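Subject: Structure handover

Dear colleague,

Here is the structure I promised to pass on. My notes on what was found in it follow below.

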Amino acid sequence: MRNKDDLMRYLNHLRTDDESLTEAELERLTQTVLKRTGLKKASRKRKSSRARLIWSRVLVSGAACAVFLVGMNGINPAFAEGVPFLGDVFAYINGLSKTPLRSEQLTEYAQPAQLQAESGPEAVADGVPKVAAARQDAVAEQPYTLTLSQVYCDELYLRVGLVLTASDDSLAGFDAITIDPPLLYEDTTEAEANTLYGGVTLNGESVGSDLLPYFRKQDDHTFFCEMDYSLADYTDNTQDMQASLTLSYLVGVTAGDGAVGSEEQTPLEGSYGLNFTVSADTSLTRVGQVEGGEQNGVRLSSVKVTPGETQTEYVVTESWPVDATPALRVYAVVDGEWTKLQPASGKKRQDDAQSCTVYTDYFDAVPEGVTELRVQLLDKNAAEEVILAEWTVTLP
């Protein structure tokens, strides 16, 4: 078997009419390929227990990688490095603007799946007897292919990467693909609503997504979608979870002039069902040590960091002003420089026994190797910005 350097040089010197890359260009491209396929790991301090998953990803993407690189000597290397590998949904979505729960580590730790969805009209029609069913007729042949490309699961979130493809140009005119579920009736159950809105069931328990399914256009035939499912309210076992996901009522989106309601939606046929098994990996979770104690009636009680996201939990006591609204900011500290982690979602609950309100917020993933965070709390209703509390968090 060729080693990685010989393989790259072999591909670079295949017979072609174009000029070969220089050694510097080839080396840069080699490092990019190795990083994206998960092979470049020798320099990392923290070892992953997922070696077999990493090699599985290499095997799955190997054929596409070889095809991608053949003839690469005739392509601008800067362009080549910017093209995402086929099926790498997490890397593609992470590179887009306004991405919630941004993480550069998902590709490294995600499990490749390459599972093609089956026809799923019965999962919707049987489960939602009183919802408008204009497009719930059985579809003999699916017009498009939906593939579960990647799966990542830690103790906080289940993340799935989906690829929707068309063999013809029927999707070429759309800027995105999403869903337009029907109106719900008063007696529609939570499980029925969850199915309609792109939620997943884990061991039969409904788990909703933070956002509706939204497929971003990669090219005229390929659309990528990342679905994020919070496990905060999930109550069953997180090992060998039987997951089921149904996507129905798909619509093609054509962008308008930017005004509200200017987008056009075109109904698309087909209902797609995915069934797979997934287990949460807690081995890479880092729990922070908080310094700072209670300040102005607020205590930062927990910080959890995974390769996919960052979870904070803080407690507000009754001494906090009733007309104030707390807002948390989290910074990763690298060589004295502060990098703000963007917030994604959050919720609160009342703890009557302790006479306090508990806030749980989720932020972008902390970059790998970072061991210090700064957390600040402000009142977002205040006319002027005042930092009411600040903590230093040390990560293992």
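Predicted model: local features only at pLDDT ≥ 70, side-chain atom pairs only at ≥ 80, totals over all residues.

Overall picture

The chain has eight helices and 23 strands. Of its 396 residues, 45% are buried. Among contacts with a separation of 6 or more, 68% are between residues 24 or more positions apart.

Cores

The largest nonpolar core has 36 residues, and within it Leu158 and Leu162 touch the most other members. At least two residues of this core come from each of strand E3 (145-153), strand E4 (157-165), strand E5 (176-179), strand E6 (200-202), strand E9 (222-230), strand E10 (241-247) and strand E13 (272-278). Leaving out residues up to four places away in sequence, leucine 158 touches Val151, Tyr152, Cys153, Val200, Leu202, Met227, Asp228, Tyr229, Leu231 and Val278. There is also a second, separate core of 23 residues, which includes Leu341, Leu373, Leu377 and Val393.

Strand E22

Six of the eight residues in strand E22 (residues 372-379) are buried. E22 runs antiparallel to strand E18 (residues 326-334), with seven bridges joining them; here leucine 378 is the bridge partner of alanine 327. E22 also pairs with strand E23 (residues 387-394), again antiparallel and over seven bridges. In that pairing, threonine 392 in E23 stands opposite arginine 374. The side chain of arginine 374 also forms a salt bridge with that of glutamate 372 (3.1 Å, N to O). Arginine 374 is partly exposed at 23% relative accessibility, and glutamate 372 is partly exposed at 25%.

Salt bridges

How many salt bridges does a search of the whole structure find? The search finds eight. One of them is between the side chains of glutamate 155 and lysine 304 (3.2 Å, N to O). Glutamate 155 is in the loop between E3 and E4 and lysine 304 is in strand E16 (residues 298-305), so this pair links distant parts of the chain, 149 residues apart. Both residues are partly exposed, glutamate 155 at 27% relative accessibility and lysine 304 at 24%.Lysine 347 forms a salt bridge with aspartate 233, with 2.8 Å between the closest N and O atoms. Because lysine 347 lies in strand E20 (residues 343-351) and aspartate 233 in the loop between E9 and E10, the pair ties together parts 114 residues apart in sequence. Aspartate 233 is exposed, at 59% relative accessible area, whereas lysine 347 is partly exposed at 37%.

Loops and surface

Tyrosine 197 is partly exposed, with a relative accessible area of 32%. Together with Leu184 and Leu212, Tyr197 makes a nonpolar surface patch of about 240 Å².

Glutamine 105, in the loop between helix H5 (89-94) and helix H6 (106-109), is buried at 8% relative accessible area. Apart from neighbours within four places in sequence, glutamine 105 is in contact with Pro307, Ala365, Val366, Pro367 and Glu368.

Glutamine 239 lies in the loop between E9 and E10 and is partly exposed, at 38% relative accessibility. Its C-alpha is 4.3 Å from that of serine 279, although the two are 40 residues apart in sequence.

Regards

Conventions. Residues numbered from 1 in each chain as written. Heavy atoms only, no water. Core = buried A, V, L, I, M, F, W, Y, C linked by side-chain atoms within 4.5 Å. Buried < 20%, exposed > 50% of the residue type's maximum accessible area, 1.4 Å probe, protein only. Helix = DSSP H or I, 4+ residues; strand = E, 2+ residues; numbered from the N terminus. Contact = heavy atoms within 4.5 Å. Pairing = 2+ DSSP bridges. Patch = residues over 30% accessible without salt bridge, like charges linked within 9 Å, V, L, I, M, F, W, Y side chains within 5 Å. Areas by Shrake-Rupley, 256 points an atom, 1.4 Å probe, with all protein chains shown as cover. Salt bridge = Lys/Arg side-chain N within 4 Å of Asp/Glu carboxyl O.
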